[in-house]
Every structure is written in C-alpha cells, then in structure tokens.
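User: I would like to learn how to read packing features from a model. Please take me through them one at a time.

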Amino acid sequence: MKRTSTAIAAASFAAFLPLAAFAGAAEVVETYADIAEAAYGDSLETARALDAAIDALIANPSAETLAAAKTAWIRARVPYQQTEVYRFGNPIVDDWEGKVNAWPLDEGLIDYVDASYGGAGDENEFRALNVIANPTFTLSGEEIDATEITPELIGETLHEADEIEANVASGYHAIEFLLWGQDLNGTEHGAGNRPWTDYAQGDACTNGNCDRRAAYLAAASDLLVSDLEYITAAWADGGEARDAVTSDPNAGITAMLTGMGSLSYGEQAGERMKLGLMLNDPEEEHDCFSDNTHNSHYYDGLGIRNVYVGQYVRANGEIVKGESLQDLLAAADADLAADLGAALDHSVAQLGTLKAAAEAGFSYDQMLARGDEAGEALIMGAVDALVAQTRDIERAVTVLTSAAIEVEGSDSLDNPDAVFE
C-alpha cells in the first residue's frame, strides 16, 4: 500500500471547573481501566486462537485451514478495534500501538507482490525488499542474516526499518497480508486471493519460499500474542497503564475525552474514511487485504461509545460495567449528557448501516469508487456523524475538565486542498 502523507492538525479546548465537581471521577476512571483490561484480554485470547489456526495451516496446508485462519483473524479484530479509543490520551498505549496495528504498509517488504506494485521508491528503498525470498540482505548499511525468521528479526530489525513508517513488518496487517495476499481488484468487489498452496510443501508450493513464508507467518503471530500479553498486563491491577490513569482521576478523565475525540475526528472520520473517499483509493482501506474495513470502522465506533457509557460486552458474553463518563456528565449537565449519548448512538447506527451494506455484498472497495453516489452517501453519513459527535465531546470537555485537550485532526477534514498538493 502507498502511504499518503498528510499533516495532522490539532485543536485545543480548555475550560475551568472546581475540583470539587469531580466527585465520582475515581470510580469512572476505574471502569475505564476495567474495560481496557477486558478488551485487551479478549484481544489476547482471540490472537491466541488465531495463532493456533495459523499453526494448523502450517502443519496441514489446505483451502480449509487457510479459510479457518482467515476467520480467526477477522474474529480477532472485533475486540481489538474496540480498544483503539485507548490509544489517544494514553502515551503507554500510543507508544506500543504501532507494533500491532500500523498501516498502511508497503507489503513488498515482506513477500512477493504483483508487477504493478513496482520496485524501490525514493521515499522507501525497502518497499520491495521481499524478506521471505531473501535470507540475507543489506538494511540501512548493515548486512542482515535472515536465514532464521524470528519474532526478534521482525520486531527489532524489520518493523519500521530505517525509521520509515510504511515498513510495517509486524502486527495484524502483516498477518492479514500473509493470509489474503494483495487485493488487486481496485474498486471492484473482491478481497485478496492468496492460494493455500503458498504454504504447501515440496512441488506443490506456489510462488516459492513456502517454508520461509510459513516461518514469517508463525513468527509474526507469536509476536502479536506477546505484544498483546504486554498491554493486557499493563491494564491489570498494578499495571503501568492502569496506574497512570487511576492515580490521578483528573488525568484519567482527560485521557478518556482525548481518546474519544481524537479517534472520532482526525483518525476515523478523517484519515480512515474521508481521505480514502477523496482519493477514491482502496489502498487507503484500514483492512485492505481482507476487505474487512467495514467491521474495523464499526468496532472503532462502538469502542468510543463503550468508554462513554461505561460498558463493554466481552467475547464470552460477560458484561463489564461500572460508573461512567455519561453518569459524571449527567450530574453536571443532563441535557449535554443526553445529547452526547444520542450523537454516539447515531454514529454507531450509521457505521452499522455501512457494515450491513458491505455484508450484503456492496464492499467498501466499491463504496470508494469515483462517482458512486450510494457509496459516498454511506461513508459520508458515518463521517458526518463522527464529526458531529466530536462537537459534543468538545462541549463535554468544557464541563468535565480544566485540562487543555488536543484532539487530532486530519487535512481531509481541516484543509482538504492540502490532500492533493
């Protein structure tokens, strides 16, 4: 995928309120941390299930085991996407997140690609390195021995090599590419179509290096599990992420509002949705190889609402619930609390409509096509709802915190002309 560079703008909102108004804030922040621990815990468990499915694919390559691994990957995205609201406002999460969910990626770094992809570019000389086909290579002037593909090689040497963000070597999207392959359908219906024989042994192997491809996939999966083990522990009792928010409830409330506003506005409405529509570019899809973007968008939106209402439904059906930001806001301004709740319900509904359309056969790729009015209406309906809820989040900031909060922006929303410069 090509990375489109856009400047990230920031809007600052500040207000002043006596600290006495924060009665109940400690309980609200505890709920926030409990939901994080549960959602990351579910992400870990589904990643372990994915790891087992990948082991089964490698041990017995077939159309059935590849399909099962794909299904496990899609299931793993459901809880993880609901955690993305924790990235903004929590430096511990933001510093870690790029290991597991960085995108877009120059997939030619990892494996073979179609001829239309091209070779090395001025912005990234490693975009067609193809580590799987090359057991030794030069990276940033250093000779690298990659005869054994390990989690350490992927995480410490290859990922964001040469400090280039497009060199995504680890995480969900590297695994996604290795399961689906490139999506070469443009804005037509259809996802990537990697053959299961890319993992076959002996003469049945297609596209060469099946043993190394399997080794890369296994190592990337192991690394995803270990990365999720770290962040789940960070939100458990005594963990550094939990302590960072619960030790200062005011800071915790600030983190909650920052995460909700930044994911709503600059990240999801802007970089993940409107930018791709402006460029009519399926390469800007979040889950572009699998055509799972509609689900990623939906569960991002649900995660924002989870934080506000103080409730998360676990993968096993258990409900994690407690004192909420909605409760805190209602005590100070009941009308605003209702407005923000309604705005969040509306955005989730709009994202649900988009999700339903994709599941009925109108894929997100097709929605991005130039001149497709139905697709544009679906995407912009969600974008507009996300932008509108951000305005209510800004209003909540003025009631709930005296901190200055930075909400990430996007050129696609703040300066559209710059997108085409």
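User: Which residues does Ser221 touch, not counting residues up to four places away in sequence?

Analyst: Contact means heavy atoms within 4.5 Å. By that rule, Ser221 touches Asp51, Ile54 and Ile175, with residues up to four places away in sequence not counted. First, the ground rules. This is a predicted model: local features need pLDDT of at least 70, side-chain atom pairs count only at pLDDT 80 or more, and totals for chains, interfaces and linings use all residues. Residues are numbered from 1 along each chain as its sequence is written, and side-chain values use heavy atoms, with hydrogens and water left out.

User: Where does Ser221 lie, and is Ser221 buried or exposed?

Analyst: Helices (H or I, at least four residues) and strands (E, at least two) are DSSP runs, numbered from the N terminus. Ser221 lies in helix H6, residues 210–235. Buried means under 20% relative accessible area, exposed over 50%, and partly exposed in between, with a 1.4 Å probe and protein chains only. Ser221 has a relative accessible area of 1%, so it is buried. Ser221 and Tyr172 are 49 residues apart in sequence, yet their C-alphas are 8.4 Å apart in space.

User: What is Leu217 in contact with, leaving aside neighbours within four places in sequence?

Analyst: Leu217 is in contact with Ile54, Leu57, Ile175, Leu178, Leu179 and Tyr199, leaving aside those neighbours. Leu217 is in helix H6. Its relative accessible area is 0%, so Leu217 is buried.

User: Which residues touch the most other members of the largest nonpolar core?

Analyst: A nonpolar core is a set of buried Ala, Val, Leu, Ile, Met, Phe, Trp, Tyr and Cys residues joined through side-chain atoms within 4.5 Å. The largest one here has 120 residues, and Tyr216, Trp235 and Ile253 touch the most other members. Helix H1 (residues 25–59) gives the largest share of this core, 16 residues. Trp235 has contacts beyond four places in sequence that include Tyr32, Tyr40, Tyr86 and Arg242.

User: How many aromatic pairs does the structure hold?

Analyst: Rings of Phe, Tyr and Trp (its six-membered ring) pair if their centres lie within 6.5 Å; planes under 30 degrees apart count as stacked, over 60 as edge-to-face and the rest as tilted. The structure holds nine such pairs. One of them, Phe177 with Phe289, is tilted: 5.3 Å centre to centre, with 45° between the planes. This pair links distant parts of the chain, 112 residues apart: Phe177 is in helix H5 (residues 172–180), and Phe289 is in the loop between helix H8 (249–279) and helix H9 (293–309). Phe177 is buried, at 0% relative accessible area. Phe289 is buried too, at 2%. The rings of Tyr298 and Tyr299 have their centres 5.0 Å apart and their planes at 85°, so that pair is edge-to-face. Tyr32, Tyr40, Tyr86, Trp96 and Trp235 form one aromatic cluster.

User: Where does the charged end of Arg77 sit?

Analyst: A charge sits over a ring if NZ of Lys or CZ of Arg is within 6 Å of the ring centre and within 35 degrees of the ring normal. The charged end of Arg77 sits over the ring of Tyr172, 4.9 Å from its centre. Likewise, the charged end of Arg127 sits over the ring of Tyr117, 4.1 Å from its centre.

User: Which loop holds Asp287, and is Asp287 buried or exposed?

Analyst: Asp287 is found in the loop between H8 and H9. Its relative accessible area is 0%, so Asp287 is buried. Beyond four places in sequence, its contacts include Trp73, Arg77, His173 and Glu176.
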